Amino acid sequence: MKILIVGAGAVSGKAAVKAAHELNATIIATTSRTENIEGADETIYGIDLEKADAVSKILADPRVKNIDYVIYIPARGEVGMDVTEATAEMIPPSLSYSVIPYLQLTNALKPKRTIALSGFMALPAMARIYGAMTFTKVVMEELAVRHPERLQIIRIGMFYSNSVRGIALLAQRRFTREKNFQSAWKDEWKASGKKFSEFFFDKNYRSEEETYKEHAQGIPFRPTGPDDITKAFKLALNGEKAPIINVLGAWQWVENKMPQLPNEITSRLHLIPKNIYSVLA
């Protein structure tokens with residue numbers, strides 16, 4: 001088995017590398033730098049997804065021939081704000097970075113499956129902090145449900161990473177600087193007596209546990225960690241057919257359809273450019 005991992009240096013990327021190793025796969029990884037990716041058999045250097053030639057540079061490398069799976073980790077978008085504050089202008093740049101490259105790779109390489117990552121957008125806590133990125137994740141999941149034979153999403157609970165810490169920092173800055181921003185959360189934070197980062201994670205974990213407790217199957221809730229993500233990648237690489245794999249700590253289950261999203265998201269789906277659903281040839 002030969003796997004291309006784009007973004008293998010991130011926490012979830014390292015979890016993907018570990019899963020591939022445990023399955024004795026050959027790993028081709030990309031990086032924007034010039035250092036080898038730890039654990040990869042081959043590293044393709046200088047792949048900067050902010051540049052228009054990133055995908056063509058990957059495809060020009062002979063080492064990506066006969067790829068069985070593409071795993072795409074990178075994601076970027078406007079976060080640290082309420083989903084209701086997202087605008088139509090915020091979404092295309094996020095799609096250009098987070099979605100379109102892996103669709104282009106899928107079109108060109110024709111792997112067995114392309115695997116990308118999402119989060120639990122239906123959580124009430126996420127709606128307060130994930131902003132325009134919410135709609136990028138909706139697109140990713142909708143594409144997987146429409147094309148389950150080609151695309152798959154691993155939906156992951158909140159875990160410690162630089163990107164999540166960055167979201168928390170953005171939210172805290174807005175709480176501190178803007179008097180009217182999310183007053184309910186702000187009041188709750190002040191009343192908790194906790195540091196914002198601790199309050200931020202605790203609130204999300206409570207939301208995860210309460211919303212998805214039906215999937216516990218007698219297993220106590222705990223926050224998601226790298227080994228949980230590795231387990232989900234192994235499930236995907238071992239041929240799980242469902243388009244969405246959910247991993248929330250030790251809780252794991254699959255789905256074949258979109259989740260029930262809150263009105264504050266569904267009422268704004270018109271913000272998503274319709275042509276994104278025609279990129280996959």
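Predicted model: local features only at pLDDT ≥ 70, side-chain atom pairs only at ≥ 80, totals over all residues.
Buried means under 20% relative accessible area, exposed means over 50%, and partly exposed lies in between.

**Entry 1. Leu170**

I looked up Leu170 and found it in helix α7, residues 162-177. Its relative accessible area is 35%, so I put Leu170 down as partly exposed. I then looked for its partners from elsewhere in the chain. Leaving out residues up to four places away in sequence, Leu170 touches Val79 and Gly80. Gly80 is 90 residues from Leu170 along the chain, yet their C-alpha atoms are separated by 5.0 Å.

**Entry 2. Ala75**

With a relative accessible area of 39%, Ala75 is partly exposed. I listed its contacts, again without residues up to four places away in sequence: Tyr97, Ser98, Met133 and Lys137. I also checked Ala75 against Ala171, which is 96 residues away in sequence. From C-alpha to C-alpha, Ala75 and Ala171 are 18 Å apart in space.

**Entry 3. Helices α3 and α6**

Ser98 and Met133 turned up among the contacts of Ala75, and both are also in the contact between α3 and α6. I looked at that pair of helices. Helix α3 covers residues 91-98 and helix α6 covers residues 133-146. Their axes come within 9 Å and cross at roughly 50 degrees. Angles from 65 to 115 degrees count as roughly perpendicular and those under 35 as roughly parallel. The pair α3 and α6 is therefore oblique. The crossing of α3 past α6 is right-handed.

I wrote down who meets whom. From α3 come Ile91, Ser94, Leu95 and Ser98. From α6 come Met133, Phe135, Thr136, Val139 and Met140. I sorted the residues of this contact into 6 nonpolar, 3 polar and no charged.

**Entry 4. Helices α1 and α10**

I turned to helix α1, residues 11-22, and helix α10, residues 226-237. They pack at about 50 degrees, with their axes 8 Å apart. So α1 and α10 are oblique to each other. I recorded their crossing as right-handed.

The α1 side of the contact has Val11, Ser12, Ala15, Ala16, Lys18, Ala19, Ala20 and Glu22. The α10 side has Pro226, Asp227, Ile229, Thr230, Phe233, Lys234 and Leu237. I sorted these into 9 nonpolar, 2 polar and 4 charged. An α-helix has 3.6 residues a turn, so residues three or four places apart point the same way.

**Entry 5. More on α10**

I checked the length of α10. Its 12 residues, at 1.5 Å a residue, should span 16 Å, and its end C-alpha atoms are 16 Å apart, so the two agree. I then noted the buried residues of α10: Asp228, Ile229, Thr230, Ala232, Phe233, Ala236 and Leu237. Among these, Ile229, Thr230, Phe233 and Leu237 also meet α1. After α10 I came to Gly239, with a positive phi near 105 degrees.

**Entry 6. Helix α9**

I ran the length check on α9, residues 196-211. I listed the buried residues of α9 as Phe196, Phe199, Phe200, Phe201, Lys203, Asn204, Tyr205, Ser207 and Glu208. Lys203 and Glu208 are on that list, and both count as charged.

**Entry 7. Thr30**

I found Thr30 in strand β2, residues 26-30. Its relative accessibility is 5%, so Thr30 counts as buried. Leaving out residues up to four places away in sequence, I noted that Thr30 touches Leu4, Ile5, Val6, Gly7, Ala8, Ile37, Ile44, Ile47 and Ile58.

I looked for positive phi in residues other than glycine. Asn66 has phi near 60 degrees. It lies in the loop between α2 (54-60) and β4 (69-72). At 69% relative accessible area, Asn66 is exposed.

Lys110 has a positive phi of about 50 degrees, and it is not a glycine either. I placed Lys110 in the loop between α4 (100-109) and β5 (113-118). Its relative accessible area is 62%, so Lys110 is exposed.

Methods. Residues numbered from 1 in each chain as written. Heavy atoms only, no water. Axes fitted to C-alpha atoms, helices over the stretch in contact; angles between N-to-C directions. Helix = DSSP H or I, 4+ residues; strand = E, 2+ residues; numbered from the N terminus. Parallel < 35°, antiparallel > 145°, perpendicular 65-115°, else oblique. Left-handed = near helix turned anticlockwise from the far one by under 90°. Contact = heavy atoms within 4.5 Å. Expected span 1.5 Å × (residues − 1). Buried < 20%, exposed > 50% of the residue type's maximum accessible area, 1.4 Å probe, protein only.
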